[in-house]
Structure formats: C-alpha cells, structure tokens
Amino acid sequence: MKQLQTALDAGRAVRDKKIGAVELVSECFRSIEENEPTVHAFINFDKDAALERAKSVQADIDSGKLTHPLAGVPFGSKANISTKGYETNCASKILEGYKPVFDATVAEKLNGIGAVCVGKCNMDEFAMGGSTETSRYGVTRNPWDKDRVPGGSSGGSAVSVAAGEAFYALGSDTGGSIRQPCAFCNTTGIKPTYGAVSRYGLIAYASSLDQIGPIARDVADCAAVLDVISGKDPRDMTSAETALNLDKKPSVSGLRIGLPREYFAKGLDGEVAEKVRDAAKLFEKFGAEVSEFDFSEKNMADYTAAAYYVIACAEASSNLSRYDGIKYGYSAFSEKDNTDLLDNYVNSRSEGFGMEVKRRIMLGAFVLSSGFYDAYYKKALRVRDLLREQWAKVFTDYDIVLSPVAPTTAYKIGENLDDPLKMILGDMYTVAVNMAGLPSVALPAGFAKGLPVGMQLIGRHFEENVLISAASEFQKETDYHTQFPIIK
Amino acid sequence: MSQYETVVGLEVHVELATKTKIFCGCSTEFGAPPNTQVCPVCSGMPGSLPVLNKEVVKYAVRAGLALNCDIKRQNVFDRKNYFYPDLPKAYQVSQLYHPICQNGFLEITTSSGTKKIGIHEIHMEEDAGKLVHDPWEDCSNVDYNRCGVPLIEIVSEPDFRSAEEVVTYLEKLRETLLYLGISDCKMQEGSMRADINLSVRPVGATEFGTRTEMKNMNSFKAIFRAVSFEAKRQIEVISNGGTITQQTRRWDDNKESSFAMRDKENAQDYRYFPEPDLIPMNLSEGWIAEIRESMPEAAAAKRSRFVNEFKLSEYDASVLTAEKPLCDLFENANGICANPKEVSNLITVEIMRLMKENAVIADDVHKHVNPAHLALLIKKISDGAINRTVGKDVLNAMFTEQVDPEAYIKENNLEIINDTALIDSVIAKVLENNAKSVEDYRAGKQKAFGSLVGQAMKELKGKANPVLINETLKKKLSE
C-alpha cells in the first residue's frame, strides 16, 4: 500500500524547504491525472491556476509573510462552497457555469493562510444524497473498490483525500455528508458544532443543519483546518461567538464514553458493530469509562430520520426556489419557444434539477403547505426539541458518545439509488447529530472484507477538542487511518 | 341603501428611512440608477446570508411605542415563499407568527367625534425589487435596488366605518411616522402604501360581511374615492340579491373603479416557516426603555409647546406642524436666532407664499431655504441692519436663487440707510416736489403723510430706516 503524507507533514516540509508549494501541487495533479479517470473526485479543477497560486504562496512563504503550518498545502473544496470567479455548481445542471462573485468565508480564511485550492470536489446534487451518485457530473467511485460508492454527499472530497489528489478537503455535513464518506473511504472528518464554522458562501441545502467541516488523512490535520475555518463571522448570524479551544487537549483517561444500544440494534452490519466495539475496548484500555446506555423508553431513532427529512426538505424547498433559470446558471429559455415567464420557470427547473432534488423540493413544499404545516413541519420541530433534550441528558452522564457512522460498509454503485427509503435508513446514526447541532468526528475503525469501517465520536456543543483529543489518541495506537487504497 | 354599514381594515406598508437595507449594507436611497444599490445578499446570490440591521428593529419599536402597542421581546422572522421576478430569493423575509408589535391603537378625530382605531399588529419585512416595463422593447426589466429595503406593515383592526375615518387615520399615521423620523411616507414614491380590506353589512349586524382587498391607491384622495366606490359597489351587489366574492381588486383612479385581480380560490399558499438564517432576537428591557426615552417629540406635543413656550398662536403652531419639513425649518432656524415669532411669521406668510408661487412642496423646501440663512436674515431685520421690506426681497432671492443673505445684502448694497444728512436732503426734495401733498397734510389729511413717506422711501430705494424717515418728515412738516 502506498503511503501518503499528512497535510501538516507536507506543510512542515514546505517550511523546512524540503519541498516547494509548486511541487506539492504538481504531486496532487500527478495523482489527479493518474486516478481521476477511475475515481472522478473532482467536477472541475484548474491546474494552471493552482500552480500560479502555489507560486505566489511560495513567494510569501519565502518572504516570511506566510507562516501557517498549512501554508502552501493543496486542498480540494466541495462544489457547494463559493469561490470567487471559480465555477461552483453544486453538482447540479441548474448551476452549470455559475461563477460566484464572492468567496465563502471559509475560502477567504484558507486563502489568508496560504492554502492552495486544486479544484471543486464532486458531490450529490445540492448535497442531497449519501452516495455521490446524484451528481449531474457523473458518479464518484470508491478508491477501495471502484464498483462501490464513496458515500456522500461529500464523496468527492473524501475520495480526493484518499486517492492522494489533495492533502485535505472541505466538505459539508447536513445529515452525515462529511462523516459517511469518511467511513466509506477511510478518511477522518469533523462535522463541527452548528455555528462553529461560518456558512457564508456555502450554497444552502438545509440552513439549520448545514455545517462546513474538514476531511483529511488524520484528525490532527482536521483540527488544523478547523482551527483556520472556525470562528464568529459577522456575515453569518448563526455563527457562534463561542471559541473552540482546540489547543486544550484533555486526556482520554477518565472520560466517560457511552455506546447507545439503539445504534447497535437491528440493521447494523455485524462486522461494523464488531469494529466499533473493538474501538470501545481500546478506549477502555486508554483509561476511559465505557458503558452502554439507552436514549430513552421511546426509541427516538425511529422518529429522528423522519423528522430530519421533513425539516431538511422544507428548508431545501425554500432555499432552492431562487434557481429560476433567469439570473444565473442553466436556463431553458429560448426566444423561439419560450415567451412565457411561467414556462421558463417550469422548464428551467424541470430540466435543471435531478430526480432526488425534485423529490426533496416536492416533499418540502408539501410539508409546509397550508393544512399540513402543523402535522409535519411543526411536529418535526418538536421532535428536534425532544432530541436536543435527550442528547443534553446523555451528556450529563457521558463526555463522548461512540457509534457507527453507517450501518454497512460502502455498497455497490446503483444498489440503493432506486430505493430512497433504504438510503434514508443509512443516515440514521448521523442525522441525529445534525438535528441537535452537535460536533462529531468520524474516523477509521478498521476494515471489513477489505472495505473501510468508520466510527464517530459525538460530543457536547463546542467540545470538538475533547473529540479530537480522543481520536488523536486512538490514531496514535492504530494504523487504520494510514492505510491507503491501491486504485485500479 | 342607508341600512348598510361599511367596515374597513387597513394594511399600511411603510418603508423605513434607515440608511442601509434590512439585511445588508446597501444604501436605501430612492432614485439611484437601476441595480446600483445591490450586493450578493439583497440580490439573493447562492450562499449569501442575511444580517439583521438593528436600526430597523429600533424604528419598528418606535412605531410600536407611538401606536401604543405591546412590544414582543423575542423576535423571529419567517419566510414567505412565492415566485416572482422582483423577488430574487423567491421568498420574502417577514414576520407571520411573531410580529414585533401588537395590540395598539391610534386615536382619530373626525366629524363624527373622537375614536380609537385598533392596531392589530406591526411586523417587519423586506421590500421586493421593482419591475419596469419597457414598452419599446416589449419586455420587463428588474431593478433590485429596492430589494431588502426595510418595511413595516401596520395592520389595523376592522374599526373604520367611513372613508373619512380611513383618510383621517392615514393622515394621523403619516404625521406620527414622519415625526418619529422613521419614514418619509411618500405615497407617490411608494414609501407608504395602503391596502384596503372592505366589507359591508346591515346596520346592527354583528357578523362581518365577505370582504374584498383593494390595492394600488397612490394618494389619500384616491383612497377616499376607492373606499366610497367599493362600499357603494358592494351595497349595490347585495341589494340586487347578489353576493360578494372574496377577492383582491385593483383600483384604477382614472376610471374611478376597481377591477378583480384574483379570487380567494387562486390565493397563493406562501408556505411560511421560520427563517433559519436569522437567530431569534431578544429585545432587552433596557434597550426598549432607551428607545422610549429617545423618542422624537410627536406633532401634538410640538404644537402645544410652540404655543406655551414660544407664545405662537394655536393657528400658527398647527400650520407649522402640519408639514414636518416646515416644522424642522422653524425649529432649526429658531435654534440659531431665538426669535420664534419672527421665524414663524416668515415661514407661515412669506415662505409658504413663495412655495405656492414656485410650486415647491414641503418635502423640497430644504432645497430652497436653509435654516442658518433664514436665521441670519431674521437677525439682520431685528438688528435693524436691513428693513422689513428689503428683508422680503432678500428672502425672495434666497428662495429662488439660493443666495447667501449676507453676501446678497452686501453685493446689492441693501443695508439700511441711517445717514441723517442724506435723509434730510431727500426729504427736502420730496417736500419740494409734492407741494400738493404737503398742503393736504397741513389741511388735516393724514393719508398725505403716508404718500410722502412712500416717496421718500422710493427715493432711497426702500433701504432707509423707516423710523428716521417718519421722524424727519414730521419735523420738517411742522416747521
């Protein structure tokens, strides 16, 4: 198996003048040229622009202007994160050719420390999906088995990291979209506390659930990226004042780690369960107190996914209404056949959105329509409140909750695509975290039949540092995360 | 037909006069070239997010306090979803579930007495853009400058029973908002717009009739006509055995009638839900108290203060306060020269005459007279540096040519003439040339004296000190 450098190692090599920023970009593009035909992690990339950028970053490193540990290190950005003048199409036809006029706050922050963007990573259209199969620009393949999905929606981001095409990548997580592809591709990712990272410039799927986060080769890299992109943003009212205190690293010894029994019940693959339990044993060895618990008498897991889909789709139906085929992106308008405004709306949206996006827009519009609002949307908000209360209670007894990320390892391309319900069940361990706005770190826990198994550590709001600390200790004792696929 | 009573409720939209828009830093100024006051936020670019302008909340609270409302301490915004080219996000951020102000009233006085009109609620929202039809190209262009301009919607209870009450309320509301300094309330520019909900019912009935909603009135006069005509139309329909359809109607002031736009069955489902991009905003007691204490003085309070403090007549005080720009001019000029009687006189007599002659509306009066110049002019008159007649001429020039009074007086050599030798000689000449008048005066005709004063003034181009003229003339005539 091929060894790949971490982002922090690469950054150190640049600072020690063992390698140049330009050379790092070239290295990524060598992998891109080699692997893209197989994995297709990127929708669009611009080698010349990346090399140009690396040159100017190198100059600033040489002059001492840039000193950040990640200066000069290439990264990939999910295709829903706005980058000025650089096509950001959310893997949708409706945003074909759309070049934002402004940078997302996270892009601005990464530019500020001398990061070099290699391209825009593939994703499920508008981040709706868990397999990167709903992209308008083709499926991304799992580098561990090209017949399998990489997970999603940040599938391209995870694959770019796993395949050596970028040292780290930005993803976004609305219901598991960072964590699940990490589990399927053997990468490490952080879904930050809601509000920890600015959403300004993130093209919205579900505003109250979306968070941008890092995907990388280990948790130290993720923490370094999170440190750059987090913080209060005056342009995003939902971003929080609370600082993350990432330099505080509590010891795992003495931490109380809980395993929710509901998450290890029916539907969970036996080998996945075994790997996660093995990890729990290792934490126990580090001195953590590990025990199992039940969320409550009422099994909230049964309601969580339903409530999640009601809320996410409701918000999506409104967020995606602005794509009307007039202002930017795809338009069905033609002088000849299309004289009518309504025709243009209907045709542009019918042709511009894919099946899954349309399904969610319709579901969302339905649950918000008069006469159904109370029965669906309002009830879903109540479920969310109950979930938050339930998690708050759990976190009086535990510091960390350890669970699987997905019920299975990566499945075959096309296997679940026509079965949206099965797809939804695949999210059951991840969506609860978004519903409660909690932070979670997903990291490799081993392999089952040659495919990566992931686990997630869930913590209290703004206690990313506790999770990072535990994950870091785990990665010191294990080598799962250092395994890289042979792409063929 | 007299057995029917008209029931009206109003929804008044008012654009707030904050410097910047409700969710971004773009200017709200009216009249800029299309799409020059836009940014990613107000043009709804993907990924942009709203940041609430606190000044908007402050203005809304001011309105609520002035209209005796309860102020909601926790404020939440909602999205109102609909497709229209002037709405770039395809939703309007508004407040459906938790309006900022509720349960208020405004007292009005009409020919039928004094009455409280209930204010159901006031909520904050963003304005949409504007479609400008280009008849030459036969297309519509979109101007997003107005997108995100803050609005409050003031929803009354259905407490009006006549067109007179409706218009009296709107006038009082306009005056109140103007004096709060939160809107310029210009109906022609659309910064104040009223929708009329109207139904009729037999006198004595307790149930409301089916109502219609009327839009597109751009003056109080048009509103008066629209209410009168719609009431008449509904009564006729019912009297002829018909029923009223719940619908939205568009008023055409030129045709003096309204036309159905859409029926209730075609009403849109706006799919309201709480705006997830804005966090709930808590108004502290301290902040509300601060707003309450810093509320600008209302027109009625100003009227009584002008009478009590400045000893102006009730009439002058109400003329001055009827138009806020004139009131501002009065207060600002008086603040400099501390001569309320004189400032009031010049405004209510001379400036208002000049406005009429030059077709200048009150909103534009600041372009014609500035308070510092007015104060200076008054000081010149009261110090005796120029006489009153000259003062009027200077004011004319100030108003029409925006001259600086000081420079104008100097350039045109208009200072008062106190030179007794010159006055003596001019009067001697006048007496010599007007022997007949002198004779008449001596014969007891007082009128002749005035004619002689006028002659002398004319000789001195109106600049002479009138007291000196009078004294010298009297002295000479009695010699």
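What covers the buried residues of helix 1 of chain A? In this predicted model, the cover includes helix 2 (21–39), helix 3 (47–62) and helix 7 (219–229) of chain A, together with strand 4 (168–173) and strand 6 (211–216) of chain A. Helix 1 itself runs over residues 7–15 of chain A, and its buried residues are Ala7(A), Leu8(A), Ala10(A), Gly11(A) and Val14(A). Viewed down the axis of helix 1 of chain A, these buried residues fall within an arc of 160°, so they line one face of the helix. An α-helix has 3.6 residues a turn, and residues three or four places apart therefore point the same way. Just after helix 1 of chain A, a positive phi of about 60° is found at Lys17(A).

The domain assignment divides chain A into domain 1 (7–253 + 402–482), domain 2 (257–298 + 382–397) and domain 3 (301–366). The centres of domain 1 of chain A and domain 3 of chain A, taken over C-alpha atoms, are separated by 26 Å. To the contact between them, domain 1 of chain A gives 29 residues, whereas domain 3 of chain A gives 23 residues. On the side of domain 1 of chain A that touches domain 3 of chain A, helix 13 (420–425) and helix 14 (431–435) of chain A each supply at least two residues. The class composition of that side of domain 1 of chain A is 16 nonpolar, eight polar and five charged residues.

The contact between the chains takes 32 residues from chain A and 23 residues from chain B. Helix 9 (301–319), helix 10 (341–352) and helix 11 (355–368) of chain A each supply at least two residues of the side of chain A that touches chain B, and the largest share of that side, three residues, comes from helix 9 of chain A. By class, the residues of the side of chain A that touches chain B divide into 16 nonpolar, nine polar and seven charged.

Chain B contains 15 helices and 16 strands, and its C-alpha trace spans about 95 × 55 × 55 Å along the principal axes. The radius of gyration of chain B is 30 Å, whereas a compact globule of 479 residues would have a value near 23 Å. Of the 479 residues of chain B, 39% count as buried. Among the contacts in chain B with a separation of 6 or more, 68% are accounted for by residues 24 or more positions apart.

Notes:
Residues numbered from 1 in each chain as written. Chains lettered and ligands numbered in written order. Predicted model: local features only at pLDDT ≥ 70, side-chain atom pairs only at ≥ 80, totals over all residues. Contact = placed C-beta atoms within 7 Å. Helix = DSSP H or I, 4+ residues; strand = E, 2+ residues; numbered from the N terminus. Nonpolar A, V, L, I, M, F, W, Y, C, P; charged D, E, K, R; others polar. Rg over C-alpha atoms; globule rule 2.2 N^0.38 Å. Buried ≥ 20, exposed ≤ 12 C-beta atoms within 10 Å, placed from the backbone. Domains from an automatic or database assignment. Arc of directions from axis to C-beta.
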